[in-house]
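Okay, thanks for coming, everyone. Let me put the structure up on the screen, and then we'll walk through it together.

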Amino acid sequence: MLRLLPWLFGGIAVGSAVLLVFFAESKSFIYSTTLTISAVAAVASGIIVGFGNMRRSAAQRRAAIAAGRTGFARIDDVRRTGVLINDNPQVRADLTVSIHGQVYRTTIKTVIDLFHTAQFQVGSVHPVAQLSDDPRDIVLLSEKEVGSSMLRQPPMLPPADRVPSYDQLPGAMVAGRNPGRRSGGKLGAAVLKRLLAVTLGAAIMLAPHAGFVSSAIELSFKRLQGEKIELLLTEQEELLSAVDQLRQAAPSDELTNITIRGDILEAKVLERPGGNVERYITYGLPGTVGRSDIHVSDRAQAVIDPEGVFTFDDVPWDRLAEFHAAALKYTQDAGLEGTEEAEPYISILQLPVDEDLSMTSYFPTAHLLSVAYDRDGTILRTSPAATEIDPAPKLLESLDDLEAAMADLTELISERYPKPLEVSSVSVWPQRATITLPFDGDTSKNLADYYHWEQPGVRGGSGARTHDAPVVTTHEPTFELNDIHWVIVQEVTADALKRADANGSESSESSPESLYVRIRIPLGEDTPQVQVSVKVNQHYRSFIYDLSGTFIKGS
């Protein structure tokens, strides 16, 4: 049974590793206890294996000598493996062995005492023992083990090139090392015992967390099948349980922000009531990789808006799922596309504009859709509004829409920068576009001017506009905006969608969840390239083209 202890401790280490994967960011008792048990199990397993091998090897050597399974071997070649055991080098030795009337060649790995390496030179002859039924299971013996009388009678061994390897001898066992112990039913029984020991060890760690393990398996299968995890957004009991655990870990009852995702609940909590320092606290559903359980951030930060403080009791937790479902239905009734496939989240703030708690459901699509509502579920505002998005420009489909947007941007940029315009990059989404230029035309500074075009109503944008101040960025080479033929953007977008479909993203059957085109000069290149990025059914694809529309590569 002692031989199974390393496998039992190995199973405990495996179970601990599974828990650590999910509680990586947690500072809970489960995390610290699991980490300790995992370390102890690994050390115990190593100690047992080490002592077990030492005892087993010594007993086998004594039994082999007593049974007369001894002979001699000449070292034909010796080389280090690079492994040190107790500061002694492990070597791989090619031997010519004479034992039981047979002479053959074989190779062994053994450890040589650092102070006796001179005795193990090529050509030296040493006594050996055969530990098992396999004649290749050979170990070198010391003088203390065999006595000096045996060392005085070493045989003359023929040259190695005239000696066959053991596998070439008639009737040689070639099924593997020590086949006598590894064949038939014995092999199956040994493997089964080890598997049971590993399983038992893992069960010892995982059984106290059976609910967690069940949830982890369920979430993992959903993710593998490409399903969205929306339990905290749709299941009231799951949300209330998460809020209760987060509230217990919070240093106070006062909040400045709450974000609810499908499997994560995040809150900014004041360190003390009426204070001006807040800290992040996160709760992840059991089975959320790296973020299961409660995690309290080590870093605190100053409160940005001291007036925007609310409490746990101010939030209508029992109606959030209802409000979020109504927001989703509103976007669908308004004809806003992509909300069903998006991965939504809810943000809760105390906004001065509303003079009350504001809850907003966000739907990240080609552009960010949002529906804000109050504590009664009354819709306060949407972005964009249905009347503003219909009819929507389609910059990646309509050449007229794209050219009109770029004309607006070029006109605005020309008020400050001379033509021809030297730009760092151009990015185009279905309903917005961005042009980046070196600030003041100076490419030596890591400053950039950003010019945007958005359809009226999208997040308050209206046509072409610019940032009020330069943005710090990394240096990028420039090219002339006039070098771009906008029809190429339409062509490469259509081609990329076809290629994404061919790669298994099913783009022909569903609209892309994310789609944009970026034109810039990549690092190490001299001319601009066009990159089309597509996300469909949770799959990301990227395709690169030159300015003539010729395909270069994809990923």
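So, to start with the overall picture: the protein has 555 residues, and buried ones make up 41% of them. Keep in mind as we go that this is a predicted model. In terms of secondary structure, we've got 12 helices and 25 strands. The accessible surface comes to about 29,700 Å², and carbon and sulfur atoms account for 54% of that. If you take the contacts with a separation of 6 or more, 57% of them are between residues 24 or more positions apart.

Let's go inside. The largest nonpolar core has 37 residues, and those touching the most other members are Met 406, Val 426, Ile 435, Trp 486 and Ile 519. Quite a list of elements give two or more residues to this core, including helix 11 (399-414), strand 16 (425-428), strand 17 (432-438) and helix 12 (486-505). Which element brings the largest share? That's helix 12, with six residues. Now zoom in on Met 406: leaving out residues up to four places away in sequence, Met 406 touches Val 426, Val 428, Ala 433, Ile 435 and Trp 486.

There's also a second, separate core, this one of 34 residues, and among them are Leu 233, Leu 265, Trp 317 and Leu 357. His 324 sits in helix 9, which runs over residues 320-333. Is His 324 buried or exposed? It counts as buried, because its relative accessible area is 4%, and the cut-off for buried is under 20%.

Next up, charges. How many salt bridges does a search of the whole structure find? The answer is 11. Let me show you a few. Arg 74 and Asp 76 pair up through their side chains at 2.9 Å, N to O. Arg 74 is buried at 12% relative accessibility, while Asp 76 is partly exposed at 22%. Then there's Glu 271 with Arg 279, where the closest N and O atoms are 2.3 Å apart. Here Glu 271 is partly exposed, at 32%, and Arg 279 is buried, at 19%. And there's a network too: Asp 77, Arg 79 and Asp 94 are linked by salt bridges.

One more pair deserves a stop, and that's Asp 253 with Arg 247, whose side chains form a salt bridge at 3.1 Å, N to O. Where is Asp 253? Look in the loop between helix 8 (236-249) and strand 6 (254-260). Both partners are partly exposed, Asp 253 at 26% and Arg 247 at 32%. Setting aside residues up to four places away in sequence, Asp 253 also touches Phe 310, Thr 311, Phe 312 and Asp 313. And Val 269, 16 residues from Asp 253 in sequence, is 7.3 Å away in space, C-alpha to C-alpha.

Last stop, the surface. Val 83, Ile 85 and Val 111 make a nonpolar patch of about 200 Å². Val 111 belongs to strand 3, residues 102-111, and counts as partly exposed at 37% relative accessibility.

Note on methods:
Residues numbered from 1 in each chain as written. Predicted model: local features only at pLDDT ≥ 70, side-chain atom pairs only at ≥ 80, totals over all residues. Heavy atoms only, no water. Helix = DSSP H or I, 4+ residues; strand = E, 2+ residues; numbered from the N terminus. Contact = heavy atoms within 4.5 Å. Patch = residues over 30% accessible without salt bridge, like charges linked within 9 Å, V, L, I, M, F, W, Y side chains within 5 Å. Areas by Shrake-Rupley, 256 points an atom, 1.4 Å probe, with all protein chains shown as cover. Salt bridge = Lys/Arg side-chain N within 4 Å of Asp/Glu carboxyl O. Buried < 20%, exposed > 50% of the residue type's maximum accessible area, 1.4 Å probe, protein only. Core = buried A, V, L, I, M, F, W, Y, C linked by side-chain atoms within 4.5 Å.
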